[in-house]
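Let's walk through this one together, with a few questions and answers along the way.

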Amino acid sequence: MRQAVRAYPSDVFPTTIKEDENSEFYQQKRAAFFRETTNTPCLRRIPELSKLIDSVVASWYLEPSSISSREWHRIPCQRPLGLAVFNPQTRQLESDLQIVTGRNISVRGISFTHPTHIYSREVAVTFDLDKPVKEFLIVRLAWSRFSEERVFQSGGQFLYQIKVDAG
């Protein structure tokens with residue numbers, strides 16, 4: 001009979017973390033989240049980010065820390081999103097809304113897949129597909145690539161939020 005070997009003792013990584021035992025930690029984390037979303041308050045109602053804020057996460061990267069500029073964790077956000085080309089000079093949407101698929105999200109940015117190339121550096125992304133007034137997050141795209149799955153993948157940083165009335 002084989003015995004199970006635990007890589008980490010339970011006193012190093014507890015199986016559950018009770019909020020009342022770590023209330024100061026969670027209060028600081030939520031305060032940081034609210035500070036970071038001052039220009040993008042619609043992020044506060046994204047369930048995936050709420051889970052991130054109310055949990056303890058850890059990650060590691062193969063790249064040196066001097067290369068990585070991420071301060072917040074990315075988490076999966078695989079759901080339909082609306083995307084439109086955005087003109088920063090006029091502060092207007094310059095295309096019809098197309099449906100793209102989210103890949104992951106953080107407090108600072110998002111990545112998504114889309115069927116055609118995006119020719120703009122700034123886009124507007126919304127989670128409010130069924131609402132007449134949509135809150136859009138303006139995203140400055142930092143990268144784009146064509147994947148082995150034959151779809152485009154792009155990602156970038158949130159700049160600020162705008163509202164657009166569909167009527």
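**Fold and aromatic pairs**

Reading from the N terminus, the chain's elements run α-α-β-β-β-β-β-β-β-β. This is a predicted model, where local features need pLDDT of at least 70, side-chain atom pairs count only at pLDDT 80 or more, and totals for chains, interfaces and linings use all residues. Residues are numbered from 1 along each chain as its sequence is written, and side-chain values use heavy atoms, with hydrogens and water left out.

Q: How many helices and strands are in the chain?
A: Helices (H or I, at least four residues) and strands (E, at least two) are DSSP runs, numbered from the N terminus. On that basis the chain has 2 helices and 8 strands.

Q: Which kind of aromatic pair do Phe 33 and Phe 34 form?
A: Rings of Phe, Tyr and Trp (its six-membered ring) pair if their centres lie within 6.5 Å; planes under 30 degrees apart are stacked, over 60 edge-to-face and the rest tilted. The structure holds 3 aromatic pairs. For Phe 33 and Phe 34 the centres are 5.9 Å apart and the planes at 80°, so this pair is edge-to-face.

Q: Is Phe 33 buried or exposed?
A: Buried means under 20% relative accessible area, exposed over 50%, and partly exposed in between (1.4 Å probe, protein chains only). Phe 34, at 42%, is partly exposed. Phe 33 has a relative accessible area of 4%, so Phe 33 is buried.

Q: How many residues apart in sequence are the parts that Phe 86 and Tyr 160 tie together?
A: Phe 86 and Tyr 160 make an edge-to-face pair, 6.4 Å centre to centre with 75° between the planes. Both are buried. Phe 86 lies in strand S2 (residues 80-87) and Tyr 160 in strand S8 (residues 152-165), so the parts tied together are apart in sequence by 74 residues.
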